[in-house]
Amino acid sequence: MSKATSSSLGQAPLVRRLTDLDLVSSLPSKRVFANRLADLIDISHAITLSDFFTTLDSVRACPEPANTDASDSLFDQHRAAIRASIDASFMTQEDEPIIAGKKAFRLPAASDNTLNAPEAAVSYERFYSLHQSELERRVAQLRKALLAQLQCKSDALAQVAAIEVALGPIFVKYSRRCLATLPKLVAKRFEHLRLHQHQQDWVAGEPKLWLQEGGWLARFHDELQQLLHAELTLRLQPLQGMLSCLTSEDPIRENP
């Protein structure tokens, strides 16, 4: 096993994909997690959270019991719909694909003029940003549904939900800042492949060949699609923790 491969073991799929594309370093941070988490909480948030935790024990489940039997299917349905919306953008049909009543975001047109224009990389940057906005919106919808179930299943899980609501804005702000770098990295990867193609590919002026299997643009589109799926996996990880609480027979042991 190569050093690059072994160093990526245990990393999130998104980190592995970016590392494989040589867009980020594969070296993991050696900082203690608690210290990294503390850096995200400024003094105003710390005061607010301190006050919140003094009242956490008083949080109780809502009067109406929640039906959590369908939590797994709810999660799977949302995940499948989001994946389908990503894949729809990479379909090759002439007609614009429609997923759940919405038009999919379209890839930038593949022509010699558009792909050689200075703004070509910006077009892919914008394309990725649009998908990110949609990912955030749809994941937030699923989060809201799972929170509602947590809040009504038991007092212990209602308190878990309260913690999630309290910490949510902090992590959303942090994740937005981190994930906002991805469209720039996508543009960087596009420029790298385009430059490499112009230097080595004698069919540089025929975009239809670029999109065939083995072509540099087909390769880039495949990388782009995999990155979006990896980002979705990352965004869903906190929700999978919530789902585990809902579906476990003994998610949190009550204090005696």
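## The disulfide

This predicted model holds one disulfide, a term used here for a pair of cysteine sulfur atoms within 2.5 Å. A disulfide is a covalent bond between the sulfur atoms of two cysteines. Here the partners are Cys-62 and Cys-152, with their sulfur atoms 1.7 Å apart. Cys-62 sits in the loop between helix 4 (43-54) and helix 5 (71-88), while Cys-152 belongs to helix 7 (residues 120-153), so the bond ties together parts that are 90 residues apart in sequence. Helices (H or I, at least four residues) and strands (E, at least two) are DSSP runs, numbered from the N terminus.

How open are these cysteines to their surroundings? Residues count as buried under 20% relative accessible area, as exposed over 50%, and as partly exposed in between (1.4 Å probe, protein chains only). Cys-62 is partly exposed at 25%, and Cys-152 is buried at 18%. As for two other cysteines, Cys-178 is partly exposed at 34% and Cys-245 is buried at 18%.

## Rings that meet

The structure has seven aromatic pairs. Rings of Phe, Tyr and Trp (its six-membered ring) pair if their centres lie within 6.5 Å; planes under 30 degrees apart count as stacked, over 60 as edge-to-face and the rest as tilted. Take Tyr-124 and Phe-220: their ring centres are 4.9 Å apart and their planes are at 90°, so this pair is edge-to-face. It links distant parts of the chain, with Tyr-124 in helix 7 and Phe-220 in helix 11 (residues 216-247), 96 residues apart.

## The nonpolar core

Now for the greasy part. A nonpolar core is a set of buried Ala, Val, Leu, Ile, Met, Phe, Trp, Tyr and Cys residues joined through side-chain atoms within 4.5 Å. The largest one has 46 residues, and Tyr-124, Phe-190 and Leu-224 touch the most other members. Two or more residues each come from helix 2 (13-20), helix 5, helix 7, helix 8 (155-179), helix 9 (182-200) and helix 11. Helix 11 gives the largest share, 14 residues.

Which residues does Leu-224 touch, not counting those up to four places away in sequence? They are Phe-90, Leu-107, Tyr-124, Phe-127, Tyr-128 and Val-186. Contact here means heavy atoms within 4.5 Å.

Start with helix 5. Its expected span is 1.5 Å times one less than its number of residues; for 18 residues that gives 26 Å, and the end C-alpha atoms are 26 Å apart, which agrees. The buried residues of helix 5 include Leu-74, Phe-75, Ile-82 and Ile-86.

Next, look for Glu-231 in helix 11. Glu-231 is buried, with a relative accessible area of 0%. Leaving aside neighbours within four places in sequence, the contacts of Glu-231 are Leu-14, Tyr-128, Gln-132, Leu-135, Leu-179 and Leu-182. Glu-231 and Pro-13 are 218 residues apart in sequence and 7.9 Å apart in space, C-alpha to C-alpha.

Asp-22 has a positive phi of about 60°, although it is not a glycine. Asp-22 lies in the loop between helix 2 and helix 3 (33-39), and it is exposed at 62% relative accessible area.

## The whole chain

Zooming out, the protein has eleven helices and two strands, in the order α-α-α-α-α-β-β-α-α-α-α-α-α along the sequence. Of its 256 residues, 35% are buried. Among contacts with a separation of 6 or more, 74% join residues 24 or more positions apart.

The predictor gives each residue a confidence from 0 to 100, called pLDDT. The protein has a mean of 82, and 81% of its residues reach 70 or more. Confidence is highest in helix 7, at a mean of 94, and lowest in helix 1 (residues 3-7), at 40. Over residues 1-10 the pLDDT is below 50, and beyond near neighbours in sequence this stretch has four contacts in the model. Where pLDDT is low, the predicted coordinates should not be read in detail.

Residues are numbered from 1 along each chain as its sequence is written, and side-chain values use heavy atoms, leaving out hydrogens and water. As this is a predicted model, local features need pLDDT of at least 70 and side-chain atom pairs count only at pLDDT 80 or more, while totals for chains, interfaces and linings use all residues.
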